[in-house]
Amino acid sequence: MASSSSYSNPPCAACKFLRRKCLPGCIFAPYFPPEEPQKFANVHKIFGASNVSKLLNEIQPHQREDAVNSLAYEAEARMKDPVYGCVGAISVLQRQVIRLQKELDATNADLMRYANCEVNNSHAYNNQMVNQQRNLNYGRSRMGPVGGFDQTGYCVPSYNTPSTWNNPEADDDSSM
């Protein structure tokens, strides 16, 4: 009947990996549950069970879970990248942040150009409407290029209309 008691309290992942009996005061049991055997296997391979046991015994109980999580993360990173470990992952993330920051800066610059184009286009449109109204008052309807957006959605810069468009005396229809 002794074997039935071992089934009621399964050994932690560390004791199972080390093939020893898991005692009630096992230092590994709270942090390496039997459902996560790979977690302890990685930590053991990188740091060694003896070193992890010493570390857990030296630190305060409320700090142990964070320590084990850090060890497990570093061990997993060392398994993936034996040379750099988590420092390599941090470096990759830092480069990604720099790249995304540059992309964000470029997008913000594009937005500023777009906003400036909108302001310029609205001024040009207002000028065009005033000029069109003046020309209608003189019996003419001439509209020149004033900027805006073309069919592709690109901003077309505005430029001033010739002064003769606003001056009915300068337009001589008799020369035609």
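Is Glu74 buried or exposed? Glu74 is buried, at 15% relative accessible area, while Arg78 is partly exposed at 27%. Buried means under 20%, exposed over 50%, and partly exposed in between, with a 1.4 Å probe and protein chains only.

Quick note before moving on: this is a predicted model, where local features need pLDDT of at least 70, side-chain atom pairs count only at pLDDT 80 or more, and totals for chains, interfaces and linings use all residues. Residues are numbered from 1 along each chain as its sequence is written, and side-chain values use heavy atoms, leaving out hydrogens and water.

Now hop to helix α6 and pick Arg113 and Asp110, which sit 3 residues apart. Here's another salt bridge, at 2.1 Å from N to O. Arg113 is exposed at 51%, and Asp110 is partly exposed at 42%. Select Glu103 and Arg99 too: their side chains form a salt bridge at 3.8 Å. How many salt bridges does the structure hold? It holds 5.

Last stop: click Arg19, in the loop between α2 (13-18) and α3. Arg19 has a positive phi of about 55°, although it is not a glycine. Arg19 is also exposed, at 78% relative accessibility.

Technical notes: Helix = DSSP H or I, 4+ residues; strand = E, 2+ residues; numbered from the N terminus. Salt bridge = Lys/Arg side-chain N within 4 Å of Asp/Glu carboxyl O.
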